[in-house]
Amino acid sequence: MADSAQIRRHFLSWDAPLLPAAVRWLARGWKKDGPLDLKDWLVVVPTRQAGRRLRAGLAAHAAECGQAVFPPRVLPPEGLIVGETAGDQASALQNLLAWAEVFATANFDELRALFPVDPPSRSFAWAWRLANDFVRLQSTLAEGDLALADVAGRVSEDFSERERWKCIGELERRHAQVLARLGLRDPQDVRRAAARAPVLAEDVARIVLIGVSDPHPLALVALERLARRVPVEIVIAAPENEAENFEEWGRP
């Protein structure tokens with residue numbers, strides 16, 4: 001966990017809608033004798049639409065005082081998962097074709113926990129359908145900072161699907177080998193690596209999360225790293241007497 005001195009929680013009242021309350025909180029130190037300057041802040045909000053509304057709200061608030069606003073950067077949580085450009089990241093098509101090759105060449109006798117019987121046909125269409133299923137599964141698990149191969153190690157020995165997940169992990173290993181022969185890496189591996197080494201613009205002095213009650217774990221991996229570099233403020237849409245019902249990152 002990041003140094004807690006870099007992470008502070010703030011609570012807003014339930015007596016007003018979140019948007020105007022968030023605008024007032026962001027502008028709380030503004031003396032109104034010049035532009036509302038938030039250009040060195042990075043604000044994380046639940047969705048892109050929420051970001052557009054926040055920027056509009058800040059502009060309206062500044063205009064009421066006859067001033068302009070230098071808005072902050074505004075991102076949804078997944079926007080934190082940005083690392084250095086990876087030239088070896090497989091494209092979506094390359095990734096799918098690598099999975100299709102894995103299924104087309106698999107020895108099912110070694111994978112009976114996953115394929116109890118051989119498929120009626122090893123057609124390309126069959127392999128392509130499975131490839132799409134596995135790409136979606138990889139994407140879902142990556143949001144929780146998990147690879148397919150991690151699942152078998154996270155469940156108990158008596159979990160009924162453990163052997164199936166061991167087979168799935170083996171297929172993922174073979175998929176990585178297919179890509180490696182081409183000098184490529186799986187997009188989800190690149191994404192997880194980016195969360196561990198997130199890029200932050202040099203002029204960002206503070207990160208603020210507003211109303212983000214359930215950021216997916218991979219975004220928090222990035223945020224923990226960023227909190228070692230700049231202060232992070234967590235703005236929670238609840239009164240302070242509810243503080244014990246929220247953890248460090250503002251999740252209920």
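A: Buried means under 20% relative accessible area, exposed means over 50%, and partly exposed lies in between (1.4 Å probe, protein chains only). Helices (H or I, at least four residues) and strands (E, at least two) are DSSP runs, numbered from the N terminus. This is a predicted model: local features need pLDDT of at least 70, side-chain atom pairs count only at pLDDT 80 or more, and totals for chains, interfaces and linings use all residues. Residues are numbered from 1 along each chain as its sequence is written, and side-chain values use heavy atoms, without hydrogens and water.

Q: Let me start with a strand. Which residues of E7 point one way, and which the other way?

A: In a regular strand, side chains alternate between the two faces of the sheet. Now look at E7. Val232, Ile234 and Ile236 point one way. Glu233 and Val235 point the other way. All of these residues are buried.

Q: Why is E7, residues 232-236, described as largely enclosed by the rest of the structure?

A: Count its residues. Five of the five are buried, so E7 is largely enclosed by the rest of the structure.

Q: Which strand is joined to E7 by five bridges?

A: Strands pair through backbone hydrogen bonds, either parallel or antiparallel. Here two strands pair if DSSP finds at least two bridges between them. Strand E1, residues 7-11, is joined to E7 by five bridges, and the two run parallel. Find Arg8: its bridge partner in E7 is Glu233. Strand E6, residues 206-210, also pairs with E7 in the parallel sense, over four bridges. There, Val235 in E7 has Ile210 standing opposite.

Q: What order do the strands of the open sheet take?

A: The sheet has five strands, in the order E1-E7-E6-E3-E5, with parallel pairing. E1 and strand E5 (73-75) are the edge strands, each pairing on one side only. From one strand to the next, the twist averages 20 degrees. Follow the sheet to E3 and E5. Three bridges join this parallel pair. Val44 stands opposite Leu75 in E5.

Q: Now the helices. Which residues of H1 are buried?

A: Ala21, Ala22, Val23, Trp25 and Leu26 are the buried residues of H1. They pack against E1, strand E3 (41-44), H2, E6 and E7. Packing is read from contacts, meaning heavy atoms within 4.5 Å.

Q: At what angle do the axes of H1 and H2 cross?

A: Axes are lines fitted to C-alpha atoms, for helices over the stretch in contact, and angles run from 0 to 180 degrees between N-to-C directions. The axes of H1 (residues 18-26) and H2 (residues 48-64) cross at roughly 60 degrees and come within 10 Å. H1 and H2 are therefore oblique to each other. Angles under 35 degrees count as roughly parallel, over 145 as roughly antiparallel, 65 to 115 as roughly perpendicular and the rest as oblique.

Q: Which residues of H1 and H2 meet?

A: From H1 come Leu19, Ala22, Val23 and Leu26. From H2 come Arg53, Leu54, Gly57, Leu58 and His61. Pick out Gly57, which is found in helix H2. Gly57 is buried, with a relative accessible area of 18%. Gly57 and Val23 are 34 residues apart along the chain, with their C-alpha atoms separated by 6.5 Å.
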